[in-house]
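Please open the model in your viewer and keep the sequence panel beside it. The stops below proceed by selection, each followed by what is to be found there.

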Amino acid sequence: MSKKILCLCLWVAAATVALGSLLLLLGLTVFKPKHPITTVDSIAVSDLHFSIDVAELRVHLNVTLNANVTVKNPNRLDFTYANSSAFLIYRGKEVGEADIPAGEIGGGAAQSLNLNLTLMADRLLSDSDFYSESSPARCLCRLTSNFRGNCGY
């Protein structure tokens, strides 16, 4: 009888170790939290105001860009994020900013965001390389976003 109990205890211990190993493996691979993937679909100028102040010898330029961005959640669980920001970067300098309202993206789903970027034209125009590098049709910039949130883990 004691051999049967010992054999049963060994089987229970082996099953517990196997189940624990399986859960650890799944936790480190399949259910490991991943960062959301952001893709810029389009950017267009939505508002442009230009004025010259002759008294102060200054040029005032206000530009608003409309950016369509898709955010994909590669996780299996929902991704909930707080109010966040997106930044337009030109040659390492922040030249634009947009607010991203809080939201939730389902597991494996993608969500389209429409962002209004306020361009800080004084920072862009003060860069002497801007005039030589950019053409009237394009300007090489980078749009970065910072989502603070968590998956339902």
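This is a predicted model: local features need pLDDT of at least 70, side-chain atom pairs count only at pLDDT 80 or more; totals for chains, interfaces and linings use all residues.

Helices here are DSSP runs of H or I with at least four residues, and they are numbered from the N terminus. With that in mind, select residues 2-28, which make up helix α1, and find Leu19 within that helix.

The mean pLDDT of the protein is 83, with 88% of its residues reaching 70 or more. Confidence is lowest in helix α3 (residues 128-133), where the mean is 65, and highest in β6, where it is 92.

Next, display the strands in the order β1-β2-β7-β5-β4-β8, which form an open sheet of six with antiparallel pairing. At its edges are β1 (37-53) and β8 (142-146), each of which pairs on one side only. Direction ignored, neighbouring strands of this sheet are turned by 25° against each other on average. Within the sheet, select β5 (residues 93-100) and β7 (residues 110-119), an antiparallel pair with two bridges, and look for Glu97, which stands opposite Thr118 in β7.

Finally, turn to the open sheet of three strands, ordered β6-β3-β9 and paired antiparallel. Its edge strands, β6 (103-105) and β9 (149-151), each pair on one side only, and the twist from one strand to the next averages 15°. Zoom in on β3 (residues 79-81), which three bridges join to β6 in antiparallel fashion; here Tyr81 stands opposite Gly103 in β6.

Technical notes:
Residues are numbered from 1 along each chain as its sequence is written. Side-chain values use heavy atoms; hydrogens and water are left out. Two strands pair if DSSP finds at least two bridges between them. Axes are lines fitted to C-alpha atoms, for helices over the stretch in contact, and angles run from 0 to 180 degrees between N-to-C directions. pLDDT is the predictor's confidence in each residue, from 0 to 100.
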